[in-house]
Amino acid sequence: MTYTPATYDELSCQELVELVTDYLEGAMPPELRLRFESHVGRCGGCRTYLEEMRQTISATGSLTVEAISPEAERALLEAFRGFHR
Amino acid sequence: MLIVSAIGLSPSVAASVTSRHVTVQRYARAMEAEEDRQLVAALRAGDEAAFKQLIDRYHASLVRVAQAYVPTRALAEDVAQETWLAVLEGLDRFEGRSSLKTWLFRILTNRAKTRGMRERRSLPFSAFDSDDAVDPDRFRGPDEPWPGHWSAPPRGFPEERLLAQETRGVIEDAIRRLPETQRTVITLRDVEGWSADEVCNALTLSETNQRVLLHRARSSVRAALERYLEDDTK
């Protein structure tokens, strides 16, 4: 049991996981934000879930962006030179 | 430090967390504007290294954004190429009222939309599949005590494995399997670090739709990580 029954009439965990992005984006009305935070404060499962989402975002941020292909770069630099001839 | 004083860092503004965030954004914008000004001057002077720097930084993103509007990768490459030419032609008209990046992507989006109309009728933003962030089986059913609460809660990610090369591969795979618009949004937001506003403008999305797409994408990536990391710790 990861949840304290006293808060049962608040958000369910299943509802909360759908609100995580709104929360992290700061796109939540203050009242909902309070309910969200009070749920997370009492629920170990949702606390772990929120942490996993943060870890997911930060790990995604460590990926490298694909580079321009050498052919495309050559063509564009050629065009650039043409502009300044 | 010149820049900080130029944008006015008053103590009252710096006091609250929200305003501090705004101040940091304004500082970043001032830095960006100065960088843009130098870059544009170099481009006008015919500095090839400056142009190379710009295409290295943005070409792949231009192609990625264009792909949200046109049906094939080849067309997206075309649109990106056209955009660079339009940028070179329009350099003298760049006034620095928006950032160079915003300007660049506005040109791209306009061109990609025109192309998209010619090449195919509907924009590909129909992919609002209503899949759940977490498998419903992991919550208590409606007839159980505490319906909607975890029956199989997440167990947490081992931090030390998150940055392993293999884990990155799992994330890349998960992103590759996403519906196209979700893939574009998460790549711009979380891999390339764009702001929500920048993504909304470039992809012509409402704030809400951008957030829904980001949510679906991040939830899928988290689920893929969980499957991979938890499977191994069994």
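# Exercises on a two-chain model

α3(A) has 13 residues and spans 19 Å from first C-alpha to last, close to the 18 Å expected at 1.5 Å a residue; the expected span is 1.5 Å times one less than the number of residues. Helices here are DSSP runs (H or I, at least four residues), as strands are (E, at least two), numbered from the N terminus. The model is predicted: local features need pLDDT of at least 70, side-chain atom pairs count only at pLDDT 80 or more, and totals for chains, interfaces and linings use all residues. Residues are numbered from 1 along each chain as its sequence is written, and chains are lettered from A and ligands numbered from 1 in the order in which they are written.

**Exercise 1. Find the buried and exposed residues of α3(A).**

Step 1. Use the cut-offs: a residue is buried if 20 or more other C-beta atoms lie within 10 Å of its own, exposed if 12 or fewer, and partly exposed in between, with C-beta atoms placed from the backbone.

Step 2. The buried residues of α3(A) are A:Phe36, A:His39 and A:Val40. They lie on the same side of α3(A) because they cover an arc of only 95 degrees around the axis, the arc being that of the directions from the helix axis to the C-beta atoms.

Step 3. Turn to the other side of α3(A), where A:Pro30, A:Glu31, A:Leu34, A:Glu37 and A:Gly41 are exposed.

Step 4. Look for the partners: the buried residues of α3(A) pack against α1 (13–17), α2 and α4 (44–60) of chain A.

**Exercise 2. Describe the side of chain B that touches chain A.**

Step 1. Start with the totals: 46 residues of chain B are in contact with 41 residues of chain A.

Step 2. On this side of chain B, α4 (48–67), α5 (73–90), α8 (165–176), α9 (180–191) and α11 (207–233) each supply at least two residues. α11(B) gives the most, with eight residues.

Step 3. Sort the residues of this side of chain B: 24 are nonpolar, nine polar and 13 charged. Here Ala, Val, Leu, Ile, Met, Phe, Trp, Tyr, Cys and Pro count as nonpolar, Asp, Glu, Lys and Arg as charged, and the others, Gly among them, as polar.

**Exercise 3. Trace the largest nonpolar core.**

Step 1. A nonpolar core is a set of buried Ala, Val, Leu, Ile, Met, Phe, Trp, Tyr and Cys residues joined through C-beta atoms within 7 Å. The largest has 44 residues, and those with the most contacts inside it are B:Val65, B:Ala66, B:Val79, B:Ala80 and B:Leu108.

Step 2. Two or more residues of this core come from each of α5 (70–83) of chain A and α4, α5, α6 (100–119), α8, α9, α10 (196–203) and α11 of chain B. α4(B) gives the most, with seven residues.

Step 3. Zoom in on B:Ala80: leaving aside neighbours within four places in sequence, B:Ala80 is in contact with B:His59, B:Leu62, B:Val63, B:Ala66 and B:Leu108.

Key: Contact = placed C-beta atoms within 7 Å.
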